[in-house]
Amino acid sequence: MSKPRVAVHKFSSCDGCQLAFINLGEPLLVLAGLVDIIHFAEAGPLDENAKIDIAFIEGSISASHDIERLNKIRENSTYLITIGACATSGGIQALRNMADTKQWIEGIYANPTVIDTLDNSSAIKDHVKVDLELWGCPISKQQIITAIRALLFGVLPIEDKDKVCMECKRQQTVCVMVTKNEPCMGPVTRTGCGALCPSVGRDCYGCYGPAENPNTQAMANRLQGLGLIKDEAARRFLFINSGADAFHQQGTRMKEAD
Amino acid sequence: MFFQANQLQQLLNTLLSKGYRCIGPQVRDGAIIYDSISSTEQLPRGINDEQKPGHYSLNNNTSSKYFDWANGPQAIKPLLFASRERLWESKQSDEGQISFELTEPETKPTVIIGARACDIAAMKIQDQHFLEQEFVDPYYKARRETLLTVAVNCSHPADTCFCHSTGDGPFVDDGADVVLTELDSGFLVDARTPQGKNLLEGLSLEDSTKEQLEESESIKANASKQKRQLPRFDIKSRLFNELNNDAWHEIATKCLSCGNCTSVCPTCFCHSENDVPELDGKSSAHYREWDSCFGQGHSYIHGITIRSETSQRYRQWLTHKFSSWHEQYGRSGCVGCGRCITWCPVGIDVTESLGHFEERRRD
């Protein structure tokens, strides 16, 4: 039986999520024995238009030619999985969705006519069907392993959509919000990072996107109670995952009310 | 009996020489937490805490006492009911045979020093849940059987404490092996079990004086003056008649549904289990970890999340803790430690929440 064929594609992104593959260490060798990696430009193999079983997509849709390329990948793939904040919610670059792109380009580049960009940076799911989303900025190695292993077993992985707080407390990390008044986004942010930031004494900044059932309004009220002005509190939502629905709505509502 | 304050190090030395791991309070990351200790220097001497809903901070004071503070975020629960542990592992041989192997819990004889009355009361409840039922939990049991408790009576309550109204404190009733009361000059000591008595070997014990016992009574009276208390109506009977009360929705507008309250609660025992297969698919580990009724998975059954809204999740927590808990364990699941109030990021106060359900007075 031939091995499942895997591709890793890149759109507008920093390459950090692809590094989650490359940095797998020993499991990368195991992975290479389980699947054929057909296309992965950053690691070497090139065959962008091949028919494949699992396509991982890093990056957001940001330029006009991206959409055509994405449609082809979707046609060629059985499963399509987004990896990271860019592919899943539009990423940090989606902050420009709230600005005048044309004005920015003219203000920054000496020769604006060579810049090909869409007005918005958008998530992959805004354009094609996505079978699984892996949130994070960047994603972790364990997310990759869990996803691939589940698909090899013939199922989709169980998604943990709980808040960061649950993992923080399992690690017995002292709450940075309660003890230090840090504007921690853990109570509305999806777990998966291992509560990394609070474990080193700083506040979560929401890089894994919204958890299930996030009470963003109560979170916003608390952030302001900690002394953040409304605009600062809005920016806690409008950051790495400004395009994720729950964060986008809360942040823009506060900006408009300001 | 009584021993001088300088004997405390002797107590630690004795325990360590007997091969015990000593767990005691210490300051870390802005809170008093429990971890291994070998010296009284590590104890939070001259430190007191300031707690209020959603807030916790430490201050230095001029006291020479070691235990002049109210509880931090943990106590005994993490030592006995592990926040995450492997229960078993399955392996598939090259011939396709599947075998299962139990993961034995690693234990070491342990003494926790500094646990409070609420912690001891909570441990007794968790004992009921994990040990005193038809199916005994072997992981909890292995750790429980190797744990001895040197409890300390509380000297002052935090703003969030209400153990006096649940009947679980501020002084230890039963369940601890040794109980200390810290006085200005030393400790009143009461060995409650034969194992507890063994722990005191080598200490220079003196008979306690009338003055010392009076000082202890005054400490108890002081620690009983608590700002918060449970409302005085029949909570157990009432809550299930209030399932459609608007108050649940009102609380839910503030609640982050983050699960911090249930994680710091010393009696909450809910957990989820999950499998972590190795990438090669030849073996898989089965884990158990703390879960919460505030998460989606807690009420997920066959494709449906039954309690999808925060109001339903908060209601689940309170109706279980204060009502159906009585049917399961013969008492309420709340020991009045106040942790859920302090460590709630938005400072929701459970005593206030319950107050919403007090019967309106009819004129």
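Q: How many Å separate the centres of domain 1 and domain 2 of chain B?

A: In this predicted model, the two centres, taken over C-alpha atoms, are separated by 25 Å. Domain 1 of chain B covers residues 2-224, and domain 2 of chain B covers 235-355.

Q: How many residues of domain 1 of chain B are in contact with domain 2 of chain B?

A: A contact here requires C-beta atoms within 7 Å. By that criterion, 37 residues of domain 1 of chain B touch 31 residues of domain 2 of chain B. On the domain 1 side, strand 6 (84-92), helix 3 (117-130) and helix 5 (163-166) of chain B each supply at least two residues. Strand 6 of chain B gives the most, with nine residues. By residue class, this side of domain 1 of chain B divides into 16 nonpolar, 13 polar and eight charged residues.

Q: What does the radius of gyration of chain B agree with?

A: One sets the value against the expectation for a compact globule with the given number of residues. For 363 residues that expectation is near 21 Å, and chain B, at 22 Å, agrees with it. Along the principal axes, the C-alpha atoms of chain B fill a box of roughly 75 × 65 × 35 Å. Of the contacts in chain B with a separation of 6 or more, 70% join residues 24 or more positions apart. Buried residues make up 40% of chain B.

Q: Why is strand 9 of chain B described as largely enclosed by the rest of the structure?

A: Burial is judged by counting neighbours: a residue is buried if 20 or more other C-beta atoms lie within 10 Å of its own. Strand 9 of chain B spans residues 147-152, and because five of its six residues are buried, the strand is largely enclosed by the rest of the structure.

Q: Which strands pair with strand 9 of chain B, in the parallel sense?

A: Strand 8 (residues 110-115) of chain B runs parallel to strand 9 of chain B and is joined to it by five bridges. Within this pairing, Ile113(B) stands opposite Val150(B). Strand 10 (residues 178-182) of chain B also pairs with strand 9 of chain B in the parallel sense, over three bridges. There, Val152(B) stands opposite Leu180(B).

Technical notes:
Residues numbered from 1 in each chain as written. Chains lettered and ligands numbered in written order. Predicted model: local features only at pLDDT ≥ 70, side-chain atom pairs only at ≥ 80, totals over all residues. Rg over C-alpha atoms; globule rule 2.2 N^0.38 Å. Buried ≥ 20, exposed ≤ 12 C-beta atoms within 10 Å, placed from the backbone. Contact = placed C-beta atoms within 7 Å. Helix = DSSP H or I, 4+ residues; strand = E, 2+ residues; numbered from the N terminus. Pairing = 2+ DSSP bridges. Domains from an automatic or database assignment. Nonpolar A, V, L, I, M, F, W, Y, C, P; charged D, E, K, R; others polar.
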